[in-house]
Structure formats: structure tokens, C-alpha cells
Amino acid sequence: LTHRSTLDDFHALLGPAFMRIRRSALVRREAVRFCEPLGNGAYAMTLSDKTRLTTSRYYRDQLASLIDE
């Protein structure tokens, strides 16, 4: 038996503690330590475990809510 869900479905299950940063990635808000602008609305995001991710400019509205906190 195979069940297929979209990342939007997972995001809805996880709730507001997570945010979408690109088509293929969700990040726990509390894990974000630094955000550096890359231009074109994208950011390099560093997490608490030193993982670096690049955000998509299409999800910058969600990132703006994190920066404003």
C-alpha cells in the first residue's frame, strides 16, 4: 500500500512550528539561526545544527514573518 501526499499536506499536519522555504523543503522555525540575503529575494539560511539551506524567492513572505519576530 502506497500513500502519496504533497508537501502542503505535511505542512498542514505539522502546523505553524514549521515554515516552507522552497518547493521541496520545510524548516522548523526554532531551528533557524541566521539568514543572509543572496539577492533576488533568496536567502542562505543557517540552522542550529549548522546545516545551510537556500530559500526560494517565491516563499520570502513566510521568511519575512520569521525575520519580523
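This report covers the core, the sheet and selected loop residues of a predicted model.

## Basis

Local features need pLDDT of at least 70 and side-chain atom pairs count only at pLDDT 80 or more, while totals for chains, interfaces and linings use all residues. Residues are numbered from 1 along each chain as its sequence is written, and side-chain values use heavy atoms, with hydrogens and water left out.

## Nonpolar core

Eight residues form the largest nonpolar core: Met 19, Ile 21, Ala 25, Val 27, Val 32, Met 45, Leu 47 and Leu 63. Such a core is a set of buried Ala, Val, Leu, Ile, Met, Phe, Trp, Tyr and Cys residues joined through side-chain atoms within 4.5 Å. At least two residues of this core come from each of β1 (18-22), β2 (25-28) and β4 (42-47). Strands (E, at least two residues) and helices (H or I, at least four) are DSSP runs, numbered from the N terminus.

Val 27 is in contact (heavy atoms within 4.5 Å) with Ala 17, Phe 18, Met 19, Ile 21, Val 32, Met 45, Leu 47 and Leu 53, leaving aside neighbours within four places in sequence.

## Sheet

Three strands make an open sheet in the order β3-β4-β5, with antiparallel pairing. Two strands pair if DSSP finds at least two bridges between them. β3 (32-39) and β5 (52-54) are the edge strands; each has a single partner, so one side of each lacks a neighbour in the sheet. From one strand to the next, the twist averages 20°. It is taken between axes, lines fitted to C-alpha atoms (for helices over the stretch in contact), with angles from 0 to 180 degrees between N-to-C directions.

Three bridges join β4 and β5 in the antiparallel sense. Thr 46 stands opposite Arg 52 in β5.

## Loop residues

Ser 56 sits in the loop between β5 and α2 (60-67). Its relative accessibility is 13%, so Ser 56 counts as buried. The cut-offs are under 20% relative accessible area for buried and over 50% for exposed, with partly exposed in between (1.4 Å probe, protein chains only). Beyond residues up to four places away in sequence, Ser 56 touches Ile 21, Arg 22 and Gly 41.

Asn 40 lies between β3 and β4 and is exposed at 65% relative accessibility. Lys 50 lies between β4 and β5 and is exposed at 69%.

Glu 30, in the loop between β2 and β3, is exposed at 62%. Glu 30 and Leu 47 are 17 residues apart in sequence and 8.7 Å apart in space, C-alpha to C-alpha.
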